[in-house]
Structures are given as C-alpha cells and as structure tokens.
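Please read them alongside the coordinates.

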Amino acid sequence: MVKRKNTFINIETSIMNNRLKCLLLNLFLLLSLSGKAQEKISIGEKKNLSSAILNENREIWIHLPKTYNDSSIHPAKYPVIYLLDGEINFESYAGMSDFLAKPPYADMPECIVVGIKNTERTRDLTPTKSHKKSPVNPDVVLFGDSGGSENFVRFIQEELKPFINKNYRTLDYSILVGHSFGGLFAVNVLLTHPEYFNAYVANDPSLWWDNKILITKTKEYLDKNKKFPDHKFLYVSQADNEEQNKNWNSDMTQAIEEFRGIVEKNGSLNYKHHFFENEVHGTVSYPGNYDALKYIFKGFRTDIKKLSKNPQLLEEEYKKFSQKAGAEFIPSESYLNVILKFMKTNGFKESETYFDGLKNKLYPQKN
C-alpha cells in the first residue's frame, strides 16, 4: 500500500512539474510577444528652442527622411518644410511627405519636416492689430492679442532656420505651409519677405482679416514691383464653406477669390488655386497639402521605364526641374540604387553601366 501511495505521489509531482513548465513557457512566450508589441515606431523628435525675439521657449517637432541615417549611402542634404500649427498637422504631414517621396515613383524629394507648435497662435500669425468689436458685446475687442506676425517671421528666419541648418543636413530650399491664420501668415510673408522661402502654401487663408488688409498689400506690392520674384511658388486651397456658414465664411470666400483675381491677372507668380468641393474649413488642409506638394514639385518624378532606353533623360529632367525650382536638385543615391537594380533585374546592360558611372560621378567612393 505504501509503495502504491508513493507511486501516486510521484505521478502527481510529475504532472505538477509539467504544468509548471508549460506555465513558465507560456509566460515566457507572452513576455516575448509583449516585448515585441511594445517596440516603438518613431516619426520624429521634439526640441525646445529659446527665442530672444519672442521672449519665450518654443517647442519644435522634427521629422527626418527615411534615408537620413542610412549608413549604406553618402550623407545627403534635404529641403526643409516649415509647418505651422505643428501640433495639429505634424503626424499626417510627415507620413504624407514620406509617401510622396517613395521611389521609384517619387513625386518629390525627401524632405525634413519642421512642425512649429503654437503658444499664442493669433498673436503670431496675424499681420495687424485687431480693432474688431464683438457683435454681442461692443466693449470687447476680438482677437485682442493679434498683430505679432513680424516678430514671428523674424523668429523663424533668424533663430529657427539657423538652428535647423546647424543641426541637420539641409539643402538651400524651403517651403512654408499654413492653414487659416497660418495661410494668412504665409501670404503675408510672401508679400513682405518673398526671399525667405522658395514656396508658400496657404490652405483656406483668412484673407478677410482686418478689412482684407492683405488684398490692399498685394495691390501695393504689384504696383511697386510690377511682378513677383522669379522661381517663387504659391499654392492656395479653398474650402467649400458657403453651405456651413453664409455670413462669416462668405467674407472668407470673397477675399480668397479677390486675391486670386489679382494674382492670376498679374501672371508673374507660379500660382495654383484649388477649390475643394465638399471640404470645409477644418478639413481642407489635408487634401490641400497633398495637392500642393504635387504642384510645387511637378516635374520631379521620372519614368524609370523610359530610362532603360534613354538613360540621359534622368539628368535632363533633373536639370529642367532645377531651373524651374530655382535650386539645384540631383538624383539621390538611394534612387540611383533603385534604378540600377531595375536595370540589372531586367537585363538592360548598357543602361546599367551608364547609371553605375553616374552614381560614381555624383557619389564617388572613398579610397
């Protein structure tokens, strides 16, 4: 009887040990999977910049291109996009720019995206001090903290840009992107400091501001200068606002249309206006930003299939695009690697040799 009892005890102990092993194994697998699930995907980094001009600290969000830290290629320089209302637009814009820059059908070069987070938005983005009284209380002035855009653009030009250029590999080509008051700010910078940026994006800009002060400034600018500087681009999106609010938004619509008429009549600016049916003020910036990038960088994309028969076409098209943009753009090393792989895979020996030579010329190997 004792022997049988010991046998039962041994069996139970063995079962318990096996169960414990299974439990530990499951726990190990769970922790392993949990660890993998918690790996983070990063789209950028935050930096704090102390501004003497604004007398405050500003938070900046920075997204670097996918190839920025790729050690298999030569360190490259990248255009910079300065994005207003960074806390609202940064994530979507970073993904959008990466998608549009993906070879072999890249519509634009890879870019550094710098999102500027707001502190006092109305102050920073409006060009003049508001004297508009509240319709419900005439003792209250609307937008009382307005009129600080000149200080804000000084901050961008004299403090933020030098910081970005010092700490990152930048190409001398930049774009300013804004929506609503940010669009108002972008148009104002074009009129007052056109040399600060190569291209400007104004999504549903608040050109109604201060009795349409920027309409007046546009007329004065063209009366004085006759035309806009060469190689400057302005993209303006317009939302379908009339159905939402037939009072305030009608002022918005009228001002945008009046500005459009002046600029298109002058004809000296690389300008595109796009009305988005069924998009309202709060949603128009997303399709507007996508369309703006495709417009600004129109001519950047090359047809990799055509390059197989005419490899010289690549340099010709980049030269043509550079002349249009007013800055020098060359094929990236990562794109040349894609082209070389395509030529080799499809047996285009002569073209492969040509692009191998072009790559060695543009990105010579160190001895």
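1. Buried means under 20% relative accessible area and exposed over 50%, with partly exposed in between (1.4 Å probe, protein chains only). At 6% relative accessibility, Phe-329 is therefore buried. Phe-321 is buried as well, with a relative accessible area of 3%.

2. On the basis of the notes: this is a predicted model, in which local features need pLDDT of at least 70, side-chain atom pairs count only at pLDDT 80 or more, and totals for chains, interfaces and linings use all residues. Residues are numbered from 1 along each chain as its sequence is written, and side-chain values use heavy atoms, with hydrogens and water left out.

3. Aromatic pairs. Rings of Phe, Tyr and Trp (its six-membered ring) pair if their centres lie within 6.5 Å; planes under 30 degrees apart count as stacked, over 60 as edge-to-face and the rest as tilted. The count by this rule is 21 aromatic pairs. One of them is edge-to-face and joins Trp-61 to Phe-90, at 5.7 Å centre to centre and 90° between the planes. This pair links distant parts of the chain, since Trp-61 is in strand S2 (residues 56-63) and Phe-90 in helix H2 (residues 86-100), 29 residues apart. Helices (H or I, at least four residues) and strands (E, at least two) are DSSP runs, numbered from the N terminus. Trp-61 is buried, at a relative accessible area of 10%, and Phe-90 is buried at 4%.

4. Charges over rings. A charge sits over a ring if NZ of Lys or CZ of Arg is within 6 Å of the ring centre and within 35 degrees of the ring normal. Arg-169 lies over the face of Tyr-68, 4.0 Å from the ring centre. For Arg-58, the charged end sits over the ring of Phe-155, at 5.8 Å from its centre.

5. What is the strand order of the open sheet? The sheet has 8 strands in the order S1-S2-S4-S3-S5-S6-S7-S8, with mixed pairing. Its edge strands are S1 (45-51) and S8 (270-276), each of which pairs on one side only. From one strand to the next the twist averages 20°. Two strands pair if DSSP finds at least two bridges between them. Axes are lines fitted to C-alpha atoms, for helices over the stretch in contact, and angles run from 0 to 180 degrees between N-to-C directions.

6. Pairing inside the sheet. S2 and strand S4 (residues 112-116) run antiparallel and are joined by 4 bridges; Ile-62 has Val-114 in S4 as its bridge partner. Helix H2 packs on the sheet and touches S2, strand S3 (78-83), S4 and strand S5 (170-179), its direction making about 20° with that of S2. Contact means heavy atoms within 4.5 Å.

7. Strand S5. S3 and S5 run parallel, with 5 bridges between them, and Tyr-78 stands opposite Thr-170 in S5. S5 also runs parallel to strand S6 (residues 199-203), again with 5 bridges; Gly-178 has Ala-202 in S6 as its bridge partner. S5 is mostly covered, with 8 of its 10 residues buried.

8. Ser-237. This residue is in strand S7 (residues 233-239) and is buried, at 0% relative accessibility. Its side chain makes a polar contact with the side chain of Asn-203, at 2.7 Å. A polar contact is a pair of N or O atoms within 3.5 Å; within protein, one must be able to donate a hydrogen and the other to accept it, and residues adjacent in sequence count only if both atoms are side-chain atoms. Leaving aside neighbours within four places in sequence, the contacts of Ser-237 include Ala-202, Asp-204, His-274 and Phe-276.

9. Backbone points to check. A cis peptide bond, with omega about 10°, joins Pro-103 and Pro-104; Pro-104 is in the loop between H2 and S4. Asn-55 is not a glycine, yet has a positive phi of about 60°. Asn-55 is in the loop between S1 and S2 and is exposed, at 70% relative accessibility. Ser-180 also has a positive phi, near 65°. Ser-180 lies in the loop between S5 and helix H5 (181-192) and is buried, with a relative accessible area of 9%.
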